[in-house]
Amino acid sequence: MNKIIFLLFLAVPFVSYGQNYEQLLQQAQQEKNWNNYLQIAINYTDNLLNTQQNNLAAQQAETCLSVLSQNQPKPSVELAKLNKNAAIAFYSLENDPKVLFFLQKTLAINENLSPNAPELARDYANIGQMQTKLQQAKTAIKTLKKAEELLKPKPDKELMAYIYSQLCLAYAEADNFNDAISTANLAVSSSEEAYGNKSLDYAIALLNKGAVLQKMDMPEEAINSLQKAKKIFLGLQPSDYTNYHIANEQIGTTFQKLFLNDYKKTNFLDSALVYFNVNLMYDKSYLPESSPIIFNAFLATAQTYLTKDGYLFKTDNSDRIKISLKAAEAELTKLNLPAKSTIKAEFYKFLGIYQLYNLAPSEALAPFQAQIISLIDGFEDNNIDILPQEANFANCIALYQLTGALGWKARAHYELYLQNKNPRQLELAYQTVLVGDKLVNYIRKNAVGAKSYLSAASVDNYEFAIAICLELFANSKEEKYKHQAFYFAEKSKALGLLEAFQNSKAQQFAGIPPALIEKETELKLAISDLEQELFALLPKKTKDLLPQINALQTQIGEKKANYEQFLQQLEKEQPQYYQIKHELKLLNVEDTRKNLAEDQAIIEYFMGTEAVYIFKISKKEFEIKSWVIKGNNLRKQIADFREYIYGYYLGSVEQSESSYANMSSRYAELSHQLYQNLIAPISPLPKRLVIIPDGALAYLPFDALLTSPAADGKQFKTHNYLLLQHAISYSYSATLLQEMQTKTFDKKRSNLLAFAPSFGKEESAEVRGKRYDLSPLTFNVPEVQEIAKILNGGDLYINKEAKEETFKQLAGNYRIIHFATHGMANNDHPDYSLLAFAEIADDKENEYLYINDLYNMKLNADLVVLSACETGIGKLSRGEGVQSLARGFSYAGAKSIFTTLWSVNDLATSKIVAQFYKYLAQGKTKDEALQLAKIDYIKAANNNSANPFLWAPFILIGDTNAMPDIVASSIGLYLIIAATGLALLAILWWAKRKMAKIER
C-alpha cells in the first residue's frame, strides 16, 4: 500500500538564535547544563526542519538524545518534543523503523508525565500509522484502538476522523477487508462532519479509502474515490501537491492492476503512465529538490514500462526504462538514506529486473544482492553467491519485501544457467528458493502482517522453484527433485484453510478444556453478529446512523481485542496446542498415494504466469508435464469457456438461433482445445480423478471438456464429454484432501437435515441496502421430499419453516445436510456470499447464512449438498483459491461438499440431485454417484436439454468415499419386517402341527 502523508505531527516553529548552534550545544555540554542543552537541541532541530535540512536534523536530534540519555535526563515535555523532532526528521528520510522508535520514546515520556490523558491519543495514532507502514498490522490495530479508547472521556471529532482513516489502512494490511471498508466509510463521514467536504482531512479519508478499495481488487471504485480526493487536494489554498501526487500514484497503480486482470487492454498501462507523468511535471515545480516522492515517480514510470514490455513480450521501451531508472538513481543519491532502507531495496529490485529484461542475468545478480543487503541489519556480504540464513530473518526490516528479493535472485541464477548451462548456477538457484521457503515458514509463524499477501507473493516464487526442480531432475534424474517440485505446488495452495484445519485439530488433540473451546466460540460469534449488523448499516450512510455505527465499531474493536488476548493466553498456557497449531505438515507423493484407491488418480495443477505444471499421481505413477502459456491467455480461455456454456441462457448475448449456434460451436472448439492442453498430456488415466485446480482453473468444470472434436457443436447429446470416461471430484490440495478424508465424528448423528424455503415477490429481502426479488423455486420442495423418500426418512424444513436459526441449532447433529434454495456469490465482500432461508419479519438479516457464519460453526457432516446457485464460486485469491460457500462449509468441518459453479436450473437440479442420492443409496462412491446422475440426465435429454449449462455446474469437493449405511434405517426396518414375517410363519407352522395332533 502506498504511503499516506503523516498528519499529526505538531507544527515546528521557526526560532533563530543568531549564533552557531553547534557551539551553543558544546558550551552547554561542557557546563553540564542539561536543561539548556535540551532547549538548544529543540531550537536547532526546529530550525533545520523548517529549512528542509532533514538529514542534518535527524543526525543532530539522534546525537543530542544520545548525549542526554547518558546523563539521565528526567522525563519532560521538552524531552518528548526533541524525540518527536527526531521522528519528524526520520519520517522525511523514509527511515520508518527509526520513526517508530522515536515515536515510542515520545509516548513513553508523555505517558510517564500524564498516564491515560486524552492527549496521548495523538501519539498512539502516529505510532499506529507507522506500525501499519512497517507491516505490523495487528499491532497497529491495537494501538489505534487504544487511541480511540483514550478519546472517550474527551471526544475530539478531528482526531477521531484521523484514527478511523488510519484504522482502515491497518485493517486492509491485516486482510480484514470487512472492517477496512467499514472503517474507511466511517473516516469519510466523520471527516466530512468535522471539516466539511472540501477539507484536507476529508480528502485524506477519501485517499485512504481508495487505497483500501485498490487492495480489495475494486479498481473502479478505488479510482472514483481517488479522483475525488485529487480534486480537493488541487483546490486547496495553497494546493497540497504532496497528497495530489500520492492520489495520482494510487490511480496509476490501480490502472496497472486493471491491466494485470486483462493483459489485452494495454490502454490501462498508457493511462497509468499519464498519471505518473503528470506527477513528474508537478513534482519538479512544487516539491523540494530532494524528495522520496519524486524518486517514487521515476520508479513507478520505469515499473510501468517494464510491465508493458515484459507482459506483452516487446522491447519497445528499453531506452525509456533506462532513462527512468537513471533519474530515480539520481534522486536516490540526493536523499542520503541510511544503509538499511526499503526505498533503496525497491530501486535495486527494479534495476535487477531491468537487467533480466535485457537478457543480462549476470548483471542482475548484483542489484538483487544489494536489495537483500538493504533489507537485513547485520548482513553485508556483496558476494552474489552468499545467501542470508534463518538467523538473519529476525533482523530484516521488511520481511515481505525480502521474499520477493530472494525470488528475483533465484530467477537471475536460473536465467544465467539457461544461458551458460553452468550447473553451479542451477544449484545456486535451488539453494535460493529453499532459503525463500524457510522465510515463508518464518513469516507464517512469527509475522503479524497480512498472510494473503504472503500467499500471493509466494506463488510467483514457487513457479520458478518448480521450474528449477524440474531442470535439476532432467539433468540428474534424481527423483527427489520431482518430489520437491510437488512440495512447492502443494505449498502454494490454500494454506490459510489448512491452518484453520490445524487449529481445530490442535484443540482436539491438545486436550483443551471444553469450557475454553466454548468461550472461544462465544467470542467469535459475538464478533460475527456485530459485524453483520455493521455490514447492513454502512451502505445507508445517513448521518443519524453515525452514532450507532460508531458504537458498533467500538464494540467490535473491544471484542476483537478480547479474542486476541484469549488466543495469546491459550497458546501460553497450552504449549501442546501451540505446537500442533503451527506445525503445518504437507503431504509428500508417497503419502498422497496411500490415500488413493486403485482406480483413482490425483491431477494437481500449478498455474503460473509463464507455464502451467500438471502433476499426476496414481498408485503406480508420478509424472509432471508443463504447458507454456503467455500472459492472461489461459484465464481468458476459461472465462470464454464459461461464457460459451451459459452466456446464451443467462442473458449476456441476444437469444437467437444464430447466437445459439455460434456459442455452441465456440464451446465445442475451445472445450477440446482445453482437453488437449490440460488432460491429454497425462493420459492414460484411471476411471476416477481428483482434480486439484489452481487459479482460474477453479472455475472450470472439467467433466464438460470434450475428448474428441465435435462435428456439430449443437449436438450436445452425442458429444464425447470427459464425464463419460471419468468420475471427477475436486480438492483444494492433496494435503487438505487427506484432512477431509480422515475426519472422524464421535457424535451420534441423524441421517438427513434438509431445507427448502419458499420464495416470491413478497419474500424479497435486503442485502446491504439493496432489495432482491428471489424468484420462486418450483422444484425445491419436491426435491427434498424425494431425497427423504430415497433415504427412507429425514428431517425436512420447508417453506416458512426453513429458517436460518433452525439450521444453526441443528446442523451439528446430522450426517447429510441438504439446501435447496437460492445462493449468491459476493466478489466484493467474499465473507458475505450467502444462502437464503425463509424470511422472518424483523429488523435483522437473519434470513441469510453468510460464509463468515460458517467460520463459527462445527459440523459433523459427511456430506453437504448446496443445491443452489453460485455456491462454488466467489473471489479468487492468489495462493488461497476461491472464497466460496463451499470453502466455508469445508472450514466448518464437512467432509465433502456438492456445490455449483454458476446459476443453475431448478428442474435440471432436482433431477440430477435425486439420481445422485439414488446411486449413493446403492453404495456408489460420491464421485461415481454424481457421474452416473449426470450421464442419466444426458441420456434422458434431447440435444437442447443436454447442454452442459444444465448439468456441468455441479461438482463434488473433498472426500469421495461411499456411504454404505446411508439407508441403514431402511435396512433395519426391512430386517424387522423380515423377522416379523418369519415369526408369523413359525407360529402358523406350530399351530398347524398342534391342530394335526388334536385331529389324530
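Angles under 35 degrees count here as roughly parallel, over 145 as roughly antiparallel, 65 to 115 as roughly perpendicular and the rest as oblique. The model is predicted, so to speak of local features takes pLDDT of at least 70 and side-chain atom pairs count only at pLDDT 80 or more, while totals for chains, interfaces and linings use all residues. Residues are numbered from 1 along each chain as its sequence is written, and side-chain values use heavy atoms, leaving out hydrogens and water.

**View 1. How α9 packs on α10.** Helix α9 (residues 177-195) sits against helix α10 (residues 200-215) at about 165°, with the axes 8 Å apart; axes are lines fitted to C-alpha atoms over the stretch in contact, and angles run from 0 to 180 degrees between N-to-C directions. That makes α9 and α10 roughly antiparallel, therefore.

**View 2. Who touches whom between α9 and α10.** With contact meaning heavy atoms within 4.5 Å, the α9 side includes F177, I181, V188 and Y195, and the α10 side includes Y202, L206, V212 and L213. By class, there are twelve nonpolar, two polar and four charged residues.

**View 3. Strand β6 and its parallel partners, β10 and β9.** Six of the seven residues in β6 (residues 750-756) are buried, that is, under 20% relative accessible area with a 1.4 Å probe, protein chains only. Five bridges tie β6 to β10 (residues 814-820), with L752 partnering I816.

Key
Helix = DSSP H or I, 4+ residues; strand = E, 2+ residues; numbered from the N terminus. Nonpolar A, V, L, I, M, F, W, Y, C, P; charged D, E, K, R; others polar. Buried < 20%, exposed > 50% of the residue type's maximum accessible area, 1.4 Å probe, protein only. Pairing = 2+ DSSP bridges.
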